[in-house]
Amino acid sequence: MYFEVCGVGTKENTLALRSKIDRRVAVLAVAVATAVALTSCGTPGPVQSPDGEGAPAANTGSASAWVMSGTAEEAFNASFARWNDAHPDELISTETFANDAYKQKIRPAIGAGEAPTLIYGWGGATLADYVATDSVIDLSDLLDTTALGEDLLPAVLQSGEVDGKLYGIPNNIVKPVVLYYNKDVFNDVGLDVPESWNELMAIVPKLVDAGVAPFSVAGQAQWTLLPYFAYLVDRIGGPDVIASAAEGTPDAWSDPAVTEALVKIQELVDAGGFVNGFASISTDGGADAALLYSGKAAMMLGLPATYDNVKTGMPEFVEEGNLGWAPFPAVDGGKGDPANLTGNPTNFWSVSADATPEQQQAAKDYLGQMMDDGYVEDLIATGGIPPVNMSEDKLAASDDADYFQAMYEMIDSAPSFQLSLDQALPPVAGQELLIQLQQIFLNQITPAEFVDAMNETIGK
Amino acid sequence: MSHLTDTERLTVTSPRRRPRRRTRYNVPAGIGGFLWLAVIVLPIYYVIVSSLRSQAGFFASNPLAIPANPTFENYWVVLQNDFFVFFRNSAVITVVAVVATVAVSLMAAYAIVRGTGWFQRTSFSLFLLGLSIPTHATLIPLYWMITRMHLYDSLAALILPAVGFSIPLTVLILSNFVRDIPKELYESMRLDGAGDWRILWRLVIPLSRPAVVTVAIYNAMNVWNSFLFPLIFTQSASKRVLPMALWAFQGEFSSNVPAILAAVVLSTLPMFAAYIFGRRYLVSGLTAGFSK
Amino acid sequence: MPSPSVPRAVVRRRRTGPHPILLLPAIAFFVFFAIIPLFGAVALSFTQWDGIGPVSFVGLDSWKTVLSDTQTWHGLRLSLLLMVVSWVVQMPLSLLLGVFIAGNQKYRAVLSAVYLLPMLLSSAAIAIAFKNLLDPNFGIGSALHLPILVQDWLGNPRLVIYVVVFIIAWQFVPFHTLLYQAGARGIPVQLYEAATIDGAGTLQQFFHITLPQLRNTIVTSSTLMLTGSLTYFDVVYVLTAGGPGNATRLLPLDMYLTGFQTNQMGLASVLAVILVVIGLALAFVLTRASGFAKMNSDQEGL
């Protein structure tokens with residue numbers, strides 16, 4: 001590449017330029033220096049993460065935890081603060097991360113031997129991977145030595161196990177995907193919430209005629225499309241179909257349930273079941289929930305975060321009781337139990353194998369007592385069901401009692417709880433699934449092509 | 001067709017003369033200019049206006065309308081969330097990286113332009129080829145190196161690669177300037193017995209000021225706004241830089257959009273200030289530095 | 001050159017130029033933090049590594065996997081498409097704008113101050129802003145009540161790559177406008193005056209004076225544009241992360257996602273090496289072309 005110069009060569013030009021520039025450069029330099037000086041001197045003290053006034057800055061000595069920012073952040077931080085106050089000899093320092101940033105960073109950190117003592121995770125194939133590479137330690141003894149064995153909900157606990165041993169302790173609310181709907185819209189059009197897939201397909205044209213999109217979905221995010229597929233496969237073929245794919249059984253994706261699910265999805269798309277331009281809608285900011293509470297869409301599959309988004313975006317909507325919730329419709333003649341759930345059973349704390357024995361002990365002690373009343377209440381306040389056996393009164397006492405009670409019953413009576421597919425499957429398969437599924441929704445590929453592509457990922 | 005007479009050709013001297021003001025108004029050009037202005041301004045306007053909305057009712061109002069109840073609450077949230085730490089970190093890495101880059105590159109440019117020998121020539125070709133190396137290609141090996149050197153999660157991990165990657169372009173631009181410093185000046189200083197350092201200090205640096213300022217500003221903007229390296233090489237909050245602050249407002253499943261946009265505005269302000277100060281330099285530097 | 005009257009002993013000791021040691025810091029930084037990692041990427045391309053476990057040498061396996069994967073070629077096609085379309089869009093736009101603001105009219109000076117604003121924003125900021133603006137229900141289309149602006153901008157696989165081109169143009173046209181402004185300012189006024197005397201109109205002057213005089217700027221700016229868009233990553237990643245499906249999964253994105261999302265560092269390194277090779281080839285070709293142009297303009301006797 002050539003940057004040819006011309007015109008500045010003469011001595012006169014350069015010297016004349018000099019004096020004018022000297023002054024300006026001086027001003028600029030002073031400005032920059034002042035700015036840097038101000039910001040260097042003016043920083044608040046050891047501003048670390050909000051882990052309470054009493055906690056010291058993060059250092060290599062004490063145990064550490066990486067906290068996810070978002071709805072449960074306060075619950076986590078409050079819990080650590082309480083712990084640190086009561087156990088100054090076993091301090092746990094925290095760092096806060098946004099979701100995407102965390103996912104990018106945790107692997108390199110583990111690889112560099114710099115993982116935090118308490119590792120946040122979603123279970124599934126990632127946890128299995130950590131176990132396979134000896135990155136986390138076995139926590140099964142906590143079930144016997146602490147109250148955790150009795151308190152934690154069995155279905156949820158299972159998701160933290162790998163090969164029968166416990167490697168992750170649930171730390172967050174249970175997050176099933178349910179069908180949220182706008183009661184006003186249903187009343188106006190004179191419809192009932194569908195309980196079976198056939199009913200669903202029947203009301204779609206009526207909603208379309210009424211100028212309302214049947215389903216809102218943030219299609220750009222890809223993972224938001226997973227519940228449709230996960231639920232349909234489960235309803236049609238039962239939970240074993242996905243389980244066998246997750247284990248890497250060859251040609252697991254050729255199971256007829258998969259193809260039938262994809263066919264149904266494409267029928268729904270073709271019938272106008274999704275809001276126009278759904279593939280452009282991103283989850284940032286809750287535009288998908290906004291479609292629901294603004295009446296432009298009738299239904300939406302979502303995690304409890306959807307409930308939150310609606311509450312934040314339009315509090316009156318929830319207060320006036322316009323937000324409804326229902327289980328995903330059953331499929332007539334399907335093998336799966338209509339009470340099965342999919343979603344994120346919960347999140348987990350695992351303990352790093354690279355931490356020192358003292359750090360590990362501090363972490364385990366913390367985990368043993370984590371599910372105290374304060375923590376449980378904080379979790380409820382975040383808008384969901386804690387992963388513990390609950391008394392009715394606690395739920396009834398909260399602001400969103402109806403919602404919580406309904407959710408709790410669904411969770412408690414669910415025979416199986418399928419983890420979000422992109423987490424349940426190994427990374428290569430999980431990422432490929434996101435891409436393939438989006439292409440199904442966009443009618444870019446056929447179910448047969450999907451099956452072939454997914455079968456290719458087995459064993460990678 | 002225009003044809004110049006010989007005298008007209010010869011009278012062309014400095015190419016930096018501006019075209020004289022024309023009395024004709026170029027209407028299509030004017031319209032085009034304002035259209036592009038709209039295209040540029042609209043997203044910027046959207047960012048500013050949205051940062052003044054609150055999360056509740058964000059989707060209820062027309063996104064381009066002035067908010068009925070403008071609020072600065074988002075700005076408070078951002079400022080309270082370690083904003084000054086991020087700002088300080090960004091400032092530190094920018095200043096250090098730019099100073100290091102420019103100092104080292106100026107020395108190299110001087111050595112290349114006035115030097116003889118295969119080392120100088122090879123170095124120049126090396127830098128030339130270095131321009132086409134995509135930085136992300138080196139991400140993984142760099143990550144491995146940084147961790148082995150125990151620099152992971154430090155500001156040094158951000159500064160050092162930034163300097164490494166900024167050097168080729170900086171050396172090239174500075175070389176072109178240094179090339180134009182008349183040989184006689186060098187030689188007269190040499191005859192006076194001046195060593196390399198004095199020549200650098202007394203001759204090269206003062207005369208290449210416009211170029212130095214230009215590359216300084218250009219590199220500063222790149223380092224300030226870089227986000228991939230900070231994403232991979234730092235983890236603790238105390239080491240985060242401003243672009244990371246934008247990510248901090250993304251929750252697990254959705255984000256506080258007005259707060260993110262407030263963070264965008266706040267993180268752009270320093271650039272904006274530098275822009276106001278340095279625009280003349282950037283323009284005049286590029287004017288002189290790039291080919292006619 | 002030292003004059004003949006200087007004693008020979010002194011001539012022998014004195015260097016004729018700056019000491020090469022001045023080059024050392026720059027070379028050291030560059031080699032250590034750019035070249036060595038580059039070789040590291042080449043080395044990794046012969047391995048299989050998931051980022052946590054041990055690195056295992058697999059010879060050419062990773063290369064075979066990548067080169068036989070349709071996604072690789074798809075990504076390459078997309079990257080080339082992006083390069084060409086970006087150039088076609090950005091070059092005329094920057095050129096016209098650059099010439100436009102090179103003019104002396106006051107209003108143009110004001111406009112030029114605004115035109116440069118996108119350069120201040122980080123890629124993440126730009127991507128976030130546009131993501132929200134392009135929402136089909138709550139974005140600019142519904143705001144301005146213009147149905148034509150309510151498209152499935154980011155969701156339509158055929159449309160999205162052009163949306164990406166537009167946003168990248170939004171981000172980089174200001175920079176190239178500066179280059180063309182500088183170039184246009186450097187065109188001698190006499191040429192235009194002579195042309196006006198000869199009766200040439202605005203359009204003729206543009207094509208017969210402005211364009212030829214800007215030839216070198218065009219080459220420089222185009223080189224930067226093409227090499228830049230080949231390796232461009234930031235905005236696209238935050239905006240679409242390669243989606244929908246893989247409609248925007250350009251080669252750099254494929255590399256990043258393969259390495260950091262599916263943890264296949266070996267494959268990602270192969271893609272990295274491919275990118276570097278193409279980049280070098282491109283730079284080489286363009287250097288030749290610009291050398292050619294350089295000779296031309298010299299001979300035009302201005």
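Please keep in mind that the model you are looking at is predicted. Over all its chains the rule finds 7 salt bridges, yet the count between chain B and chain C is 0.

**Charged pairs in chain A**

- Side chains of opposite charge can pair when their charged atoms come close.
- R82(A) has D372(A) as a salt-bridge partner, with 3.5 Å between the closest N and O atoms. The two tie together parts of chain A that are 290 residues apart in sequence, because R82(A) sits in helix α2 (residues 73-86) while D372(A) belongs to the loop between α16 (357-369) and α17 (373-381).
- D372(A) is partly exposed as well, at 26% relative accessibility.
- K364(A) and D141(A) make another salt bridge, at 3.1 Å from N to O. Here the parts tied together are 223 residues apart in sequence, since K364(A) is in helix α16 of chain A and D141(A) is in helix α5 (residues 141-145) of chain A.
- D141(A), at 35%, is partly exposed.
- K311(A) and D400(A) are joined by a salt bridge whose closest N and O atoms are 3.0 Å apart. Distant parts of the chain are linked by this pair as well: helix α14 (residues 304-313) of chain A holds K311(A), the loop between α18 (392-397) and α19 (401-412) of chain A holds D400(A), and the two residues are 89 apart.
- D400(A) is buried at a relative accessible area of 14%, whereas K311(A) is partly exposed at 32%.

**Chain B on its own**

- Of the 292 residues in chain B, 61% are buried.
- Among the contacts in chain B with a separation of 6 or more, 73% are between residues 24 or more positions apart.
- The accessible surface of chain B is about 12400 Å², and carbon and sulfur atoms account for 64% of that area.

**Where chain B meets chain C**

- On the side of chain B, 103 residues take part in contacts, and on the side of chain C, 108 residues do.
- The area buried between these chains is about 9900 Å². Carbon and sulfur atoms give 74% of it.
- What does the rule find in the way of polar contacts across this interface? There are 3 residue pairs in polar contact, with both residues at pLDDT 80 or more.
- On the side of chain B that touches chain C, helix α2 (residues 27-51) gives the most, with 14 residues.
- That side of chain B is made up of 68 nonpolar, 20 polar and 15 charged residues.

**Two residues to look at**

- T234(B) is found in the loop between α10 (228-233) and α11 (242-248) of chain B. With a relative accessible area of 2%, T234(B) is buried.
- A polar atom of the T234(B) side chain lies 2.6 Å from the backbone oxygen of P230(B).
- Beyond its neighbours within four places in sequence, T234(B) is in contact with K105(A), and in chain B with D153(B), S154(B), L158(B), F229(B) and K239(B).
- F32(C) is part of helix α2 (residues 24-44) of chain C, and at 33% relative accessibility F32(C) is partly exposed.
- Which residues does F32(C) contact, leaving aside its neighbours within four places in sequence? M145(B) and M149(B) are its partners in chain B, and I27(C) and P37(C) are those in chain C.

Technical notes: Residues numbered from 1 in each chain as written. Chains lettered and ligands numbered in written order. Predicted model: local features only at pLDDT ≥ 70, side-chain atom pairs only at ≥ 80, totals over all residues. Heavy atoms only, no water. Contact = heavy atoms within 4.5 Å. Buried area = accessible area lost by both parts, 1.4 Å probe. Salt bridge = Lys/Arg side-chain N within 4 Å of Asp/Glu carboxyl O. Polar contact = N/O pair within 3.5 Å; in protein donor to acceptor, adjacent residues only side chain to side chain. Helix = DSSP H or I, 4+ residues; strand = E, 2+ residues; numbered from the N terminus. Nonpolar A, V, L, I, M, F, W, Y, C, P; charged D, E, K, R; others polar. Buried < 20%, exposed > 50% of the residue type's maximum accessible area, 1.4 Å probe, protein only. Areas by Shrake-Rupley, 256 points an atom, 1.4 Å probe, with all protein chains shown as cover.
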